[in-house]
Amino acid sequence: MRQSQRVSTGAIVAALAVVLLYISCMTPTMQLTVVAMAGVLTAAVMIEAGTGLSMMVFAAVSMLSLLILPDKSSGVFYLLFFGHYPVVKYHLERIRRPFLCWMAKMAAGNLCLLGIWLILRLFFPEWVFEYALWIVWAVCNLTFVLFDIALTRLLIYYQYRIRPRIFGKR
């Protein structure tokens, strides 16, 4: 892919991700799902153009979302988890042993969850969990595993079904 194609692909994907994050502000019941869809776009850039451009797209979308979205929580979720996790996942899946790979993924997911919890405690002290913290943590970990499996399947579908239709067989 030529440099101009890489830059334009990154810009278009970043714009589409910001639009998805804006839509997530308008649909509170689907907020996390739509933010996750924006994260999948980061993974598509990772496949097409590599880590550098995908992290640039992540940075641009994060900054723009925190600046222009009416509800900053979508931008925060994208910044703290959904935006960079697909790139982290790509690199963690290079670990050959499945058990170690999953342990590394769980550690990465729990670090993100810890970051979200710390931000909530520091900046929103009035915000409290309705359930015990360990229950919330367990549900988040289960959701994380399901998200990781779904992301893997979406990326396989992209790689073998969507990508050949867009770019032709390479």
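Does Asp-148 count as buried or exposed, and at what relative accessibility? At 1% relative accessibility, Asp-148 counts as buried (buried means under 20% relative accessible area, exposed over 50%, and partly exposed in between, with a 1.4 Å probe and protein chains only). The structure is a predicted model, in which local features need pLDDT of at least 70, side-chain atom pairs count only at pLDDT 80 or more, and totals for chains, interfaces and linings use all residues. Residues are numbered from 1 along each chain as its sequence is written, and side-chain values use heavy atoms, with hydrogens and water left out.

**Overall build**

- The chain holds seven helices and zero strands (DSSP runs numbered from the N terminus: helices are H or I with at least four residues, strands are E with at least two).
- The radius of gyration of the chain is 17 Å, close to the 15 Å that the globule rule gives for 170 residues, so the chain is as compact as a globular protein of that length (the radius is taken over C-alpha atoms, and the rule is 2.2 Å times the number of residues to the power 0.38).
- Along its principal axes, the C-alpha trace spans about 50 × 40 × 25 Å.
- Of the 170 residues, 36% count as buried.
- Among contacts with a separation of 6 or more, 67% come from residues 24 or more positions apart (contact means heavy atoms within 4.5 Å).

**Surface and charge**

- The accessible surface of the chain is about 10,600 Å², and 71% of this belongs to carbon and sulfur atoms (Shrake-Rupley method with a 1.4 Å probe; for residues, only the protein chains shown count as cover).
- There are 15 positive and 6 negative side chains, and the centres of the two sets lie 17 Å apart (Lys and Arg are positive, Asp and Glu negative, with His and the chain ends not counted; the charge is placed at NZ of Lys, CZ of Arg, CG of Asp or CD of Glu).

- Helix 5 covers residues 85-92, and its buried residues include Tyr-85 and Lys-89.
- The buried residues of helix 5 pack against helices including helix 6 (98-123) and helix 7.
- Asp-148 lies in helix 7, and its contacts beyond four places in sequence are Tyr-85, Lys-89, Glu-93, Trp-102 and Lys-105.
- The side chains of Asp-148 and Tyr-85 make a polar contact at 2.6 Å (a pair of N or O atoms within 3.5 Å; within protein, one must be able to donate a hydrogen and the other to accept it, and residues adjacent in sequence count only if both atoms are side-chain atoms).

**Trp-137**

- Trp-137 lies in helix 7, residues 133-167, and is partly exposed, with a relative accessible area of 25%.
- Trp-137 touches Asn-110, Leu-113 and Leu-114, leaving aside residues up to four places away in sequence.
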